[in-house]
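I opened this model to look up a few things and keep notes.

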Amino acid sequence: MNPESTLARLQATLPDGKLPSSYGVYFKNTLVALCHALEDHILQTSDGDDIALQPLVLVTFQQGKWYLQEADRYFDIAKASRQVAIGAVADSGFATHKTGQLENVSLIELDELDPIIQEWNLIILAPTYKAMVLCRELSAQEYLPEGKPDVDTERKFYGLWSFDQSLVSAAAEIFIEQTRHYNSSLADSLLEIHHQILATKGPPLADISGVVTRIVTYLQSSQQQMVAINRQTRDLWELEGQALRVSRNLNANKLQAFLRMAQRVDERDTSNPTASLQVAALSETLGQLLDLPALQLRRLRLAGLLFRVGLVSAPNEVFDRTSDKFDEGTLSFWRDRSFIGSQLLQAMPELSPVAEIVKHKLENWDGSGRPEGLRGEDIPIASRILGLVACFQDLTQPRGDRPALSLTEALEECRKLSGIRFDPALVETLGNVVRLADMGLMELPTRPSQLPNVWLEDLGDRTPAAAPAL
């Protein structure tokens, strides 16, 4: 317990150091219920104009915004009280509400470094009864491992409530002394009122059975509300969990279908049966060298696996055709198929970022490409990488009567179109990879770092692996 807290100071005054049996951990909504029960007693037992019998009310609200939730209520409480002192960090119009303008209401603007701002305290002293709720919020460390809750009403406080006259009087003195460095004259005034109340003789003690009943009722209602909220939340989580599982299963099935389509294209291309795997792997490598964010790398890797889905219905002769990849007629065919592929992928909203990468992979650095004629760095970096790597990889494989080019030869063909079709900086990055491979310092990757189960099963690799995350 914080040695500066009101609870700790009160405990230090007790002969045995033992706090009352009501001491425990309370949710904020329970704390509010306790305070309302005590405050209702003020409102329902108002002694009219007999100021000598009216209570002194001392309260802290942590933040001004929490006080404002109760400020209208405190306007009525103040009219039934001798004096009200309210402490909170001055925010959210703390000092401007009408309650703070009443003559018998004193506002204490707490410093944000004062330990008391972690407390929610209510102390009521009247000649006929005394009552209090003292609470201190759990610290960040005490909230571990779950951490501080996002829901305000689920915040937790160490606290107690009591009608013990000596205990409440001791807490009041501690509270008043804590305000002295903010306003010493106010502290003197509050202490004088406190002593006057203690010295008042004669009036019979109030029947507090009603307030006790209200406390029990409030606590039961609060607990029922919490149970209901927890039940509703749990039910909602279960429903959301079921919906999420169904959605994930559907998405996984759709993704698997697309991956199967891409795999089918590779199977039909007997000249280049691992195109998707190699393009995905080399694209990922270039992306890593360019320090692309992890999310972009995952999308680029998946775009490499799926960039040929537009060829799923292409005639078989397409894969056997001898072609110069830079022939305009052939490029037109591949642009159309690339666009068809991106449209197919758009059918799954979660794949929209991947579809965009595929869609723009045949844009040209000089703006002469398709489908939108994007130029230079207006072309998405992932699309620039995919377009370059797809061309380079295809050149390293035989096609019809054209033999496979060596890595150096394929790179040289790409260099001829540097600044025209390809990003010059990416061509240089690819060149660095090729040089390292030629020197035997690295091997060109043939498989991306993560593979979906579709490929793993057919490759005979039984190592568990999840489908690429988007």
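This is a predicted model: local features need pLDDT of at least 70, side-chain atom pairs count only at pLDDT 80 or more; totals for chains, interfaces and linings use all residues.

**Entry 1: aspartate 269 and its partner.** I then asked which side chain meets aspartate 269 in a salt bridge. The partner is arginine 399, at 2.8 Å from N to O. Aspartate 269 sits in the loop between H6 and H7, and arginine 399 in the loop between H12 and H13. The pair therefore ties together parts that are 130 residues apart in sequence.

Is arginine 399 buried or exposed? I found 4% relative accessibility, and under 20% counts as buried, so arginine 399 is buried. Arginine 399 also forms a salt bridge with aspartate 394, where the closest N and O atoms are 2.9 Å apart. Aspartate 394 is buried as well.

**Entry 2: other salt bridges.** How many salt bridges does the structure hold? I noted 20. One of them joins lysine 148 to glutamate 137, with 3.6 Å between the closest N and O atoms. Lysine 148 lies in the loop between strand E6 (129-137) and strand E7 (156-162), while glutamate 137 belongs to strand E6. This pair ties together parts that are 11 residues apart in sequence. Glutamate 137 counts as buried because its relative accessibility is 3%. I also traced a network of salt bridges that links Lys28, Glu137, Lys148, Asp152 and Arg155.

**Entry 3: glutamate 70 and helix H3.** I moved to glutamate 70, which is placed in helix H3 (residues 64-79). Glutamate 70 is buried, because its relative accessible area is 12%. Leaving out residues up to four places away in sequence, I found that glutamate 70 touches Val32, His36 and Phe61. Histidine 36 is 34 residues from glutamate 70 in sequence, and their C-alpha atoms are 9.8 Å apart.

Next I checked the helix itself. H3 has 16 residues and spans 21 Å from first C-alpha to last, close to the expected 22 Å. Where is the kink in H3 centred? It is centred on alanine 71, with a bend of about 55°. The buried residues of H3 include Trp66, Tyr67, Glu70, Ala71, Tyr74 and Phe75. I looked for what covers the buried residues of H3, and found among the cover helix H2 (28-44), strand E2 (56-63) and strand E3 (83-89). Strand E4 (105-109) and strand E5 (119-126) are also included.

**Entry 4: nonpolar cores.** I asked how many residues the largest nonpolar core has. It has 45, and among those with the most contacts inside it are Leu302, Leu345, Leu386 and Phe392. Elements giving two or more residues to this core include helix H6 (209-268), helix H8 (294-306) and helix H14 (424-438). Helix H12 gives the most, with 9 residues. Another core, of 32 residues, lies apart from it and has Val57, Ala78, Tyr129 and Ala131 among its members.

**Entry 5: totals.** I closed with the whole protein. I noted 15 helices and 7 strands. Of the 470 residues, 48% count as buried. The protein exposes about 22100 Å², and carbon and sulfur atoms supply 52% of that area. Among contacts with a separation of 6 or more, 69% come from residues 24 or more positions apart.

Note on methods: Residues are numbered from 1 along each chain as its sequence is written. Side-chain values use heavy atoms; hydrogens and water are left out. Helices (H or I, at least four residues) and strands (E, at least two) are DSSP runs, numbered from the N terminus. Buried means under 20% relative accessible area, exposed over 50%, partly exposed in between (1.4 Å probe, protein chains only). Contact means heavy atoms within 4.5 Å. Accessible areas come from the Shrake-Rupley method with a 1.4 Å probe; for residues, only the protein chains shown count as cover. The expected span of a helix is 1.5 Å times one less than its number of residues. The bend at a residue is the angle between axes fitted to the seven residues ending there and the seven starting there. A nonpolar core is a set of buried Ala, Val, Leu, Ile, Met, Phe, Trp, Tyr and Cys residues joined through side-chain atoms within 4.5 Å. A salt bridge is a side-chain nitrogen of Lys or Arg within 4 Å of a carboxyl oxygen of Asp or Glu.
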